[in-house]
Amino acid sequence: MTDKHLFSDADDALPLAGLRVLDLSQGIAGPYCGLMLRQQGAQVTKVEPPQGDWSRHMGRSKDGRSAIFMACNAGKQGMCLDAATPEGRAQLQRLAAEADVVLQNYRPGVAERMGVGWEELSARKPSLVYVSISGWGRSGPMAHVPTLDTTMQAASGMMHANRGEDGKPRRIGVYVVDYATGMYAAQATLAAVLRQVRTGRGRHVEVAMLQAAAVLQNYLTIDAAMFPQQQGGAINAPTGLFETRDGRYIYVSMLNDAMFLRLARALQMDGWIADASLHASSGRLPRAQELNDALAARLAQDTLAHWSELLARHDILFAPARSPGELPQDPQVQHLKVFAEHEVPGVGTVPLAGLPGSEGQLPLAPAPRLGQHNAEMLGGL
């Protein structure tokens with residue numbers, strides 16, 4: 001059942017070489033968990049229904065694959081099975097019987113109806129690691145309510161933390177809850193696999209998007225508990241996004257009092273230096289708008305390149321505001337080899353980010369076409 005193109009001898013040097021993962025998940029959180037396991041050497045078989053993973057057509061797509069689908073499913077073997085039929089269910093159950101890890105993000109009860117629930121599979125294979133990803137958890141008043149990253153951002157308070165100048169909550173443009181859920185699920189899966197290796201016993205890993213969203217912003221919930229009568233806001237000043245003379249944007253962030261004085265000297269803001277009340281963060285915060293307006297006026301006088309060089313030289317926290325499309329061309333990104341050129345038939349060359357912290361990069365095949373490996377996989381069954 002092994003695809004030698006996908007699972008070559010080079011995989012043996014990776015920590016999860018030989019681990020067999022059955023990925024039944026769709027969307028982002030589950031598939032990204034599977035991708036992380038694949039990037040560390042696991043053999044990941046992705047099984048989709050006849051209509052395919054719904055993320056294939058999330059946003060713009062080419063050749064049946066969207067950017068989200070390609071980003072979360074590279075390197076996996078792709079199968080298409082109809083679990084609504086007796087044949088499809090039998091094939092799915094046989095695949096599950098051969099797996100070390102089963103990953104799913106169905107709503108509660110769906111996996112059980114397909115014969116691939118935790119109770120049934122673990123009874124046959126006590127060493128199985130079974131990973132369930134959900135929106136709200138397996139039980140409770142919201143368990144059967146559908147949710148996505150965006151609705152979870154609203155429900156968890158994340159949109160409130162990202163509210164605009166008008167005070168209205170705003171969504172974060174990246175699917176941060178989905179990706180964080182996938183990462184937490186991958187970490188919990190690896191812990192369960194370690195236990196599996198040490199004891200021979202499996203585990204049911206359950207990760208909810210609600211939990212992931214809460215952990216991501218726990219410092220905000222702690223802060224709200226500590227200061228219930230106060231709205232959270234800036235923790236230092238001046239800080240914010242500012243436009244430069246050439247129409248580009250730069251974000252400047254203030255870490256401490258010493259940095260403020262370095263900024264004042266670098267920009268020749270003599271009034272800031274002379275005003276002793278600004279030398280402490282407690283004195284700057286009440287005047288944050290005044291300081292930000294003055295900084296905006298100063299940065300508008302020259303180009304992004306000029307300010308980037310000056311602020312870097314004076315050890316000031318800053319970054320140019322880029323678009324995602326500009327990131328692969330950044331010299332530091334290229335130096336770290338963050339992206340690999342990924343040739344996808346029918347799509348073209350796309351940048352695929354490697355797994356942070358890995359010693360080597362596993363060359364991944366493109367995300368599969370729907371049912372691409374059915375013949376060889378079903379032949380093995």
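Y179 is partly exposed in this predicted model, at a relative accessible area of 23%, where partly exposed covers the range between buried (under 20% relative accessible area) and exposed (over 50%), with a 1.4 Å probe and protein chains only. The structure holds three aromatic pairs, and Y32 and Y179 form one that is edge-to-face, at 4.7 Å centre to centre and 65° between the planes. Because Y32 belongs to helix α1 and Y179 to helix α8 (residues 176-199), this pair ties together parts that are 147 residues apart in sequence. Rings of Phe, Tyr and Trp (its six-membered ring) are paired if their centres lie within 6.5 Å, and count as stacked with planes under 30 degrees apart, edge-to-face over 60 and tilted for the rest.

Residues are numbered from 1 along each chain as its sequence is written. The model being predicted, local features need pLDDT of at least 70 and side-chain atom pairs count only at pLDDT 80 or more, while totals for chains, interfaces and linings use all residues; side-chain values use heavy atoms, with hydrogens and water left out.

Helix α1 (residues 29-39) deserves a look of its own. Eleven of its eleven residues are buried, so the helix is largely enclosed by the rest of the structure; among them are P31, Y32, C33 and R38. Just after α1, G41 takes a positive phi of about 110°. Helices (H or I, at least four residues) and strands (E, at least two) are DSSP runs, numbered from the N terminus, and the protein has 17 helices and 13 strands.

We turn next to another aromatic pair. The ring centres of F260 and W272 lie 5.3 Å apart with the planes at 25°, so this pair is stacked. F260 is in helix α11 (residues 257-266) and W272 in helix α12 (residues 270-274), twelve residues apart. Both F260 and W272 are buried.

As for the overall dimensions, the C-alpha atoms fill a box of roughly 80 × 45 × 40 Å along the principal axes. Buried residues make up 44% of the 381 residues in the protein. With contact meaning heavy atoms within 4.5 Å, residues 24 or more positions apart account for 68% of the contacts with a separation of 6 or more.
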